[in-house]
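Please follow them with the structure open.

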Amino acid sequence: MKTSKVNVLIYRDLPANALAALEREFPGVNFQVVRPPHLVDEDIAWPEVVCGNVPATWAAEAPSLRWLQIVSSGIDDYTSLAKSTVVVTTAQGIHASIIAQHVLMAVLMFERGQPCFTRAARDRTWKRKPDVPRRIEGRTLGLLGFGALGREIARLTAPLGIRIVATKRTSPDVPSTGVDKIYPWDEIETLLGEADHVVLALPLTPATRGVLDAARIAQLKPGAFVHNPSRGGLVDENALHGALLAGHVAGVALDTFGEEPLPSESPWWSAPNAIITPHIAGHHAELGQLVLERFRRNLHAYLAGGQVSPVANFTRGY
C-alpha cells in the first residue's frame, strides 16, 4: 500500500473531464498530463508511473520510474527496457475487436471487387466486370497467429460461410471454436497453399520477424490476398510487392510497414489492388477511453501493492 503521494505522468490526450475524474478517484496521486510530443528532459526525474508511449530511451533514463503503461499491444519499441527494473504493461487485447473489423472490411472489399470500382469511380468510368465480385462463401481464410486477434477475426468472419484455418507458433492445442483446422507451425506452408486470404495476426518478435519471407510468399495460393494489420517487420515487403505485380498475389491490405510513416516515394502508394492505411487498424473513437479504463484498474492495483497486467514478457516478445 502506497503511503506517500505517487507522481503519475500521462503522456497522451485524455477525454474531456478525464483528468478531473482521475484526481477525484485517486486523491493520493499527483497527475501531470503532457500532450505528445511535448516531453522535455525536465520531466524525466519526476514520475514514478507513466501512462503513454514515451520514448524508450526516455523511460530507461527516468530515475524514479517504476511502472510504464504503454498504449500499444506490441513491445518491439521497448526491448531496451528488458533488463531494467521498470515494469511494462501493455494494451494487449484492447485492439483485437476493431482490428478484426478492419480485416473483415478488407476481405469483403476484395471479394466484392471494391478496389477496382473505386479506381473506376475516380476515373469516372462505368466499369462492370462480372468476373470481379465473388461470393465469400466457400473461400478460405488463413490466420498466421491464433491469439486474441486471430480468434476475434475467426469469430467475425466464420458466420459468413468462409472456411477458417489457422496456425499458432506456441500452444497448438488451443481451443479451435470457429476454426475448421489448426495446423502446427511447421506446416505453415500447407496453410499458405490453401488460403484465399492470409492474415498476419502475430506480434513482432525475433521468432516472427520476416515470417512471410520470399520463400513463403512463393508458397501462397495463386491469386491469394495478403492482409497485414500487425507489424511491418513480419513481411518481406519487396518480395510481396513483386508477387503482387507479377499477379501471383491478387491484392494486399497493408496497415503496417517496415518504415513508418510510409515514404511518399514508396511504390505501395500506386500498387495495383492494394488497400493502404496508415497504421490505424486498431484505432477508433472510444480507444482512449478503453486504454484509460485499463490504466485505472492497474493504478488501483499498483497503489494497493497488487499485480498490474498484462505485464510485457520480453523473453517471449509480447
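1. A pocket here is, on a 1 Å grid over the protein atoms alone, an open set of points where a 1.4 Å probe fits, with protein on both sides within 12 Å along at least five of seven lines; lining residues have an atom within 4 Å of a point. Grid points are joined across faces, edges and corners, and a volume is the space filled by probe spheres set on the points. On these terms the second largest pocket holds about 230 Å³ of space.

2. The model is predicted: local features need pLDDT of at least 70, side-chain atom pairs count only at pLDDT 80 or more, and totals for chains, interfaces and linings use all residues. Residues are numbered from 1 along each chain as its sequence is written, and side-chain values use heavy atoms, with hydrogens and water left out.

3. The lining of the second largest pocket comprises 13 residues, and those nearest its centre are Pro-115, Arg-119, Arg-122, Ala-271 and Ala-274. Helices (H or I, at least four residues) and strands (E, at least two) are DSSP runs numbered from the N terminus. At least two lining residues come from each of α4 (114-122) and β12 (274-276); α4 gives the largest share, 4 residues.

4. Aromatic pairs are taken between rings of Phe, Tyr and Trp (its six-membered ring) whose centres lie within 6.5 Å; planes under 30 degrees apart count as stacked, over 60 as edge-to-face and the rest as tilted. The count is 4 aromatic pairs. Trp-67 and Phe-295 form a stacked pair because their ring centres are 5.4 Å apart and their planes meet at 25 degrees. This pair joins distant parts of the chain, with Trp-67 in strand β4 (residues 67-69) and Phe-295 in helix α9 (residues 287-303), 228 residues apart. Ring pairs also bring in Tyr-302, making a cluster of Trp-67, Phe-295 and Tyr-302.

5. Are Trp-67 and Phe-295 buried or exposed? Buried means under 20% relative accessible area, exposed over 50%, and partly exposed in between (1.4 Å probe, protein chains only). Trp-67 is buried at 1% relative accessibility, and Phe-295 is buried at 0%.

6. His-227, in strand β10 (residues 224-228), is buried at 2% relative accessibility. Its side chain makes a polar contact with the side chain of His-197 at 2.9 Å. A polar contact is a pair of N or O atoms within 3.5 Å; within protein, one must be able to donate a hydrogen and the other to accept it, and residues adjacent in sequence count only if both atoms are side-chain atoms. Contact in general means heavy atoms within 4.5 Å. Not counting residues up to four places away in sequence, the residues that His-227 touches include Val-103, Phe-110, Leu-200 and Ala-253.

7. Most residues other than glycine have a negative phi, and most peptide bonds are trans. Please check the following exceptions. A cis peptide bond joins Pro-36 and Pro-37, with omega about 0 degrees; Pro-37 lies in the loop between β2 (29-33) and β3 (49-51). The bond from Glu-260 to Pro-261 is also cis, with omega near -5 degrees.

8. Arg-124, in the loop between α4 and β6 (140-144), is exposed at 79% relative accessible area. Asn-273, in the loop between β11 and β12, is buried at 18%.
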